[in-house]
Amino acid sequence: MAESSTYDVAVVGAGVFGSWTAWHLAKRKLKVLVLDAYGAAHARASSGGETRIIRMSYAADEIYTRWSQQSLTQWKELSAACSQPLFQQTGVLWLEGPDDLRLRESQATIERCGIPHEVMDNAALTKRYPQVNFDGVSRGLLEPGSGVLLAHRAVQSVMEEAKKKHAEFLIAHAITPDGGGTISKLATSHCGAFSAGQFVFACGPWLGKVFPELLGQRIFPTRQEVFFFGTPAGDARFAPPALPTWLFNNDEVYGMPDIESRGLKMARDAHGERVDPDTQSRIVSAEGAEWARKYVGRRFPPLKDAPIVETRVCQYENTSNGDFLIDRHPEMPNVWLAGGGSGHGFKHGPALGEYLAARICGEGKAEPRFSLASKATKQKRAVF
Ligand SMILES: Cc1cc2nc3c(=O)[nH]c(=O)nc-3n(C[C@H](O)[C@H](O)[C@H](O)COP(=O)(O)OP(=O)(O)OC[C@H]3O[C@@H](n4cnc5c(N)ncnc54)[C@H](O)[C@@H]3O)c2cc1C
C-alpha cells in the first residue's frame, strides 16, 4: 500500500486498550487509523480469550473500583449498540482466608462507591453453594451486579463500532520509530508508511519488544494457562445462576461458571515464567493440567473426575506493581504508551480509552500511578 493521507491519531494494537482508545477518539470525530499485526483480539493477544472477569472489588485501590464502575456502564452500552450479550451478569464472589484484610478494604471501598454487595461467612457460603468446598475460607464478598465479559468478541465489536464512527483498521506490523523528537510518520513492514499527528502504542505484552531499551525490563510478559472442565451431563450446579464467578484469593486461583457451554473455567493468577508472546507454546503443560485437575477436584468435589474439555495459554503483561502504564514516550512527545494490564486490565478498556483520548486531546489530569516514572524494573505486585 502506498503512503496514505494524514490521520489525527494512529493507534498500534487492536487489543482491548487500543480498540477502546480508537473508539473514544473516533467519538470525538478525530481521524483515526488502527493497525494490528495479527487482527483485533487475535489468538495470541492478551485480549484474545473467550471470557474475562469484571469485578468492582480492588481492596483499597479505589481508582480501579471507579474505573470498573465506569467501564461496566460502557460495556453494557456497547452490548446494546451491537445487540450482542457481551456482558453476562453471573455475580462475582471474592473469597479470603483467615487474613481477610483485602476483603474488608474492598467492602469499605465498594460501600463508598455505592456498589451492591453481600458478605457471607463460611457457614453461609457452604449453605448457599453446597457444590463448592470452602475449606480455609473465612469470608466471601459477593457482587451480584458484576460478571463476565465475552472477551475477544467484545473487542471485535468495539472495533466494528469504531469503524462505524469512521475509524480505519488495517492488518499491518508497525516498525518502531527511531530517533527522538516529534515523529510524523509510522513505517510498517509490508504496508508502507502512515502520517499522523499523534501515535499510540497499545501493544500489550509486545511493548517490551517494540521499545526494548525503554520497556524491555519494565513489562514482564508471563505465561498463564487456562483450563475448562466439562460438567456432568444435565447438571446445572456449575452454570449461572447456581454458581457465580469466583476468586479464591488465598490460593491465587480464579474461575467462572459454565458460560456458553464451554465448562467450568479455572486458572492460576500467580505469575508464570517470562515468555515471548509471538513464539511461546500455546499447549498447556502436563504439570499444569495435573495441578488444575487436583485443584478442581478439591474445591468442586462433584467435578473430581471431570474431563478437561478445552485449554488456552495466554500471557499477562505485568508492570512492576500491577498499575497500568499510560504515558507519553519520554523522548517522542507525540507518542503515547498504553499497556501493563497486569492480569486485570481487560475490564478497564472503556475507562482507559476515555482517559487516554482525553489526554491526547490535551484534557484531563495525568494520574501519577499510570506514569512511566512509577514503573520499576523489579516485580513487586501490589494491585490484585
Ligand atoms: C489468562 C488471562 C486471564 C485474564 N483475566 C482477566 C480478567 O478476568 N479480567 C480482566 O479485567 N483482565 C484479565 N486479564 C488481563 C487482560 O486480558 C489484559 O490486561 C488485556 O487484555 C490487555 O490488553 P492490551 O490491549 O493491552 O493487549 P493485547 O490484547 O495483547 O493487544 C496488543 C495488540 O498489539 C498488537 N501489536 C503489538 N505489536 C505490534 C506492532 N509492532 N504492530 C502492530 N500491532 C502490534 C498485537 O498484535 C496485539 O493485538 C487476563 C489476561 C490473561 C492472559
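How far is an oxygen atom of the ligand from a polar backbone atom of histidine 344?

Analyst: This is a predicted model. In it, the separation between a polar backbone atom of histidine 344 and an oxygen atom of the ligand is 3.0 Å. In lysine 347, a side-chain N or O atom is 2.9 Å from an oxygen atom of the ligand. In serine 47, a polar side-chain atom lies 2.5 Å from a ligand oxygen. On its own the ligand has 1,000 Å² of accessible area, and the protein covers 98% of that.

The shell around the ligand has 35 residues, and Asp36, His42, Ser47, Ile53 and Cys314 are the closest. Sorted by class, 19 of the shell residues are nonpolar, 12 are polar and four are charged. Helix H1 (16-27), strand E3 (51-54) and strand E16 (308-318) each give the shell at least two residues. E16 has the largest share, with four residues.

Tyrosine 254 is in strand E14 (residues 253-256). Its relative accessible area is 15%, and buried means under 20%, so tyrosine 254 counts as buried. Tyrosine 254 and tryptophan 94 are 160 residues apart in sequence, yet their C-alpha atoms are 9.1 Å apart in space.

E16 also leads on to another residue. Aspartate 323 is in the loop between E16 and strand E17 (325-328). Aspartate 323 is buried because its relative accessibility is 4%, and the limit for buried is under 20%. Its side chain makes a polar contact of 2.6 Å with the side chain of tyrosine 64. Not counting residues up to four places away in sequence, aspartate 323 touches Tyr64, Gly340, Ser342, Arg369, Lys375 and Val383.

Next come the nonpolar cores. The largest has 54 residues, and Val11, Trp67, Trp75, Val200 and Ile326 are those with the most contacts inside it. Strand E1 (6-12), strand E2 (32-36), helix H2 (62-81) and helix H3 (101-112) are among the elements that give two or more residues to this core. Helix H5 (151-164), strand E18 (335-339) and helix H9 (349-360) are also among these elements. H1 gives the most, seven residues; this helix also supplies at least two residues of the ligand shell. Within the largest core, tryptophan 67 is one of the residues with the most contacts. Leaving aside neighbours within four places in sequence, tryptophan 67 is in contact with Phe324, Ile326, His348, Ala351, Leu352, Tyr355 and Phe370.

The relative accessible area of glutamine 69 is 24%, so it is partly exposed, a class that lies between the 20% limit for buried and the 50% limit for exposed. Glutamine 69 touches Met56, Cys113 and Ile115, not counting residues up to four places away in sequence. Arginine 104 is 35 residues from glutamine 69 along the chain, and their C-alpha atoms are separated by 19 Å.

Some loops remain, with points about the backbone. Serine 83 is in the loop between H2 and strand E4 (87-88). Serine 83 is not a glycine, but has a positive phi of about 50 degrees. With a relative accessible area of 65%, serine 83 is exposed. Histidine 166 is in the loop between H5 and strand E9 (168-171). Histidine 166 is not a glycine either, and its phi is positive, at about 80 degrees. Its relative accessibility is 67%, so histidine 166 counts as exposed. Finally, proline 241 lies in the loop between strand E12 (220-229) and strand E13 (245-248). The peptide bond from proline 240 to proline 241 is cis, with omega near 5 degrees.

How values were computed:
Residues are numbered from 1 along each chain as its sequence is written. This is a predicted model: local features need pLDDT of at least 70, side-chain atom pairs count only at pLDDT 80 or more; totals for chains, interfaces and linings use all residues. Side-chain values use heavy atoms; hydrogens and water are left out. A residue is near a molecule or strand if one of its heavy atoms lies within 4 Å of it. A polar contact is a pair of N or O atoms within 3.5 Å; within protein, one must be able to donate a hydrogen and the other to accept it, and residues adjacent in sequence count only if both atoms are side-chain atoms. Accessible areas come from the Shrake-Rupley method with a 1.4 Å probe; for residues, only the protein chains shown count as cover. Ala, Val, Leu, Ile, Met, Phe, Trp, Tyr, Cys and Pro count as nonpolar, Asp, Glu, Lys and Arg as charged, and the others, Gly among them, as polar. A nonpolar core is a set of buried Ala, Val, Leu, Ile, Met, Phe, Trp, Tyr and Cys residues joined through side-chain atoms within 4.5 Å. Buried means under 20% relative accessible area, exposed over 50%, partly exposed in between (1.4 Å probe, protein chains only). Contact means heavy atoms within 4.5 Å.
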